Every structure is written in C-alpha cells, then in structure tokens.
Amino acid sequence: KKVADRYLKREILGEGTYGVVYKAIDTKTGQTVAIKKIRLGKQKEGVNVTALREIKLLKELKDPNIIELIDAFPHKGNLHLVFEFMETDLEAVIRDRNIFLSPGDIKSYLQMTLKGLAVCHKKWVLHRDMKPNNLLIGPNGQLKLADFGLARIFGSPDRRFTHQVFARWYRAPELLFGTKQYGSGVDVWAAACIFAELLLRRPFLQGSSDIDQLGKIFAAFGTPTSSQWPDMIFLPDYVEYQYVPAPPLRSMFPMASDDALDLLSKMFTYDPKSRISVQQALDHRYFTSAPLPTVPNKLPRPA
Ligand code: ADP
C-alpha cells in the first residue's frame, strides 16, 4: 500500500524523538528513503500552520553535508518527512571497536560536521540537538546532519517518551543554566563534545542529570569565573557553586595534536559570546595542518 500515492513502506528503522522512522521506496524516483512520521498530537493546528512554513525553509537547505528533505506531507493526522536514506551514523562508527580512526579521519568527520552547521547557521537555523546519532553517513562516506531545525519547529522533544536522554551530554552550559536566548553557540558546544568523543572513543561529559552534567563540565574545564563569563550570573537557573580548578586539557586528551587541542579549547569556551563560531572553527589551522582530512570515500565504516 502506497503512502501519499508515492511511497512504498518497508520495515521500521527505529523510534526517534518525534516518532517512528521507516524505510520506504520512492516510486517516483526508485530511490530508497527514510520517512519520519511525526505525531502531531494536541497542538495540531499550530503545528500545521507554522511547521509547514518552517519545513519549506528546511527543504531549501540543500548541501552535501545536510540530509536532504525530499518531501513533507500530512497523512492520517501525522506529519511525514521524507529524507534520503543513509546507511549508518557517526555513533556506530565511534562505538565500533574494529574501526581505527586516524587523526585525518577524525579531522574529516569534524570538518563535515562543521561544514553542515555553517550552512545552517548562515540561514539562521540552529540544530539544537546535535549528537553522534544525528550525524548520518552515506555510502560514499559523506557525513550529513539530520534533524536540523526540528527542535525549533516541534519544540523540545518530550524525553519521557523516548530512550534518548543522552542529548544532555552535548548540552552547552548556558542551556543547563536555563538561558532562553541561546544562539548558534549551543551547536558549537555540541560539536566540541562530538570532537572530544571522536578523540576518546567514548562520550566525554556523561552527566546523569542536568546538575551532574554541569558538575562534569566544571570538573573538566574548571568552574567559570565571572570575568570569563560576565553574563552567567543573570541566567535563570544560575546557582553559586564551589570553586573547582581546571586540569590541563592535555591530560584528558593525551593523543591529540596541539592544533586539535587549541581548536577544542576554543569550541569549549564557557561564554557563548566568546566561543568560536562555526566559520572561525572551519578556518582554524587544525584543518590545514598535516595530516589533512581524509577524503570521505576513504573513511572507515562499520562492516
Ligand atoms: P532521534 O530522534 O532519537 O535522533 P531519529 O528519529 O533521528 O532518532 O531516528 C530514529 C531511527 O531511524 C534511528 O535508528 C536512525 O538510525 C533511523 N534513521 C533516521 N533517519 C534516517 C535516515 N535518513 N536514513 C536511515 N535511517 C534513519
């Protein structure tokens, strides 16, 4: 049975933050696609009006490092988003113990992540939910950002209904302090966490609650001072905390190059106003110093 007279449903790929994702064949093109079925729930009317306008914007975000939104349509009270089908994701790569990631491989994965982010930030679209399993990998090794802008369109996902509580590990300190006026810096912080995870081969800051997440950040970088981050004390959930000194970054990343550590520390800057932008990060010498980023089709992938 065809959906919207065009897509032949195949198996379920998984349950995501917003609903079920299934594999399908696009009979118009023969292409394999992934269809994300989004429960519209109570706020149906509101979502239909604003979401469809925003989705139109996402459709226009075409870039080699952003997953293509092929189609979007309502069907039986659910919104269906049709994306190009992707073989695997960065989480699977990081977790696969049979895969060795060279410094050039890590550089390539980070560069593709930042390139995708740069395109979106230029159009004032934030991701807000960056994590390794949202970085999909295609057959030629290209990394593509998925779920772009969905957080803004559909609101913060209700974590009670999902297994996905791990997004906390990628949260910027300003979000943990309850800021309501966050900007593109939240994606830079998350990209830094992913960079660290590529280097360590395990999630870097694994908080068990939002408070514990801040504790993990403080333990890694030292407690922020008001000179480092002047606006911090005005944030809604700011609480005074006990001083913790910063260990040398080098001690946590013994294998990283000096250039890698320099970029990492600039991405992990506390004050979002001083944090490096995605474009500045792409221009960092880390990407032009040896070893150069591995070409995508030479990157190691799960068997
Ligand atoms: P989450 O919201 O938890 O990040 P998603 O909704 O993005 O999860 O995805 C749910 C499942 O569907 C995941 O297992 C993911 O691998 C799979 N999936 C999502 N998008 C695609 C795609 N474009 N191609 C192939 N599989 C996908």
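Here is a short tour of this predicted model, stop by stop.

Before you click: residues are numbered from 1 along each chain as its sequence is written. Local features need pLDDT of at least 70, side-chain atom pairs count only at pLDDT 80 or more, totals for chains, interfaces and linings use all residues, and side-chain values use heavy atoms, with hydrogens and water left out.

**Stop 1: two packed helices**

Select residues 103-122, helix H3, and then residues 185-200, helix H6. Helices here are DSSP runs (H or I, at least four residues) and strands are runs of E (at least two), numbered from the N terminus. The axes of H3 and H6 lie 10 Å apart, at an angle of about 170 degrees, which means H3 is roughly antiparallel to H6 (that label is for angles over 145 degrees).

Now show side chains. On H3, pick Ile106, Tyr109, Leu110, Leu114, Leu117 and His121; they meet Asp187, Ala191, Phe195, Leu198 and Leu199 on H6. Contact means heavy atoms within 4.5 Å. By class, there are nine nonpolar residues, one polar and one charged. Ala, Val, Leu, Ile, Met, Phe, Trp, Tyr, Cys and Pro count as nonpolar, Asp, Glu, Lys and Arg as charged, and the others, Gly among them, as polar.

**Stop 2: helix H9**

Next, select residues 258-267, helix H9. Which of its residues are buried? Asp259, Ala260, Leu261, Leu263, Leu264 and Met267 are (buried means under 20% relative accessible area, with a 1.4 Å probe and protein chains only). The buried residues of H9 pack against H3 and H6 from the last stop, plus helix H8 (249-252) and helix H10 (278-282).

**Stop 3: asparagine 65**

Go to the loop between helix H1 (44-60) and strand S5 (69-75), where you'll find asparagine 65. Asparagine 65 has 5% relative accessibility, so it counts as buried. Leaving aside neighbours within four places in sequence, its contacts are Met112, Lys115, Gly116, Gln142, Leu143, Lys144 and Leu145.

**Stop 4: the largest pocket**

Finally, select Val21, Lys36, Asp89, Asn133 and Leu136: of the 25 residues lining the largest pocket, these are the closest to its centre. A pocket is an open set of points on a 1 Å grid over the protein atoms alone, with protein on both sides within 12 Å along at least five of seven lines, and lining residues have an atom within 4 Å of a point. About 630 Å³ of space lies in there, a volume being the space filled by probe spheres set on the points, which are joined across faces, edges and corners. Strand S2 gives the most to the lining, with three residues. The lining divides into nine nonpolar, eight polar and eight charged residues.

How values were computed. Axes fitted to C-alpha atoms, helices over the stretch in contact; angles between N-to-C directions. Parallel < 35°, antiparallel > 145°, perpendicular 65-115°, else oblique. 1 Å grid on protein atoms, 1.4 Å probe; cavity = no way out; pocket = protein on both sides within 12 Å on 5 of 7 lines; lining within 4 Å. Buried < 20%, exposed > 50% of the residue type's maximum accessible area, 1.4 Å probe, protein only.
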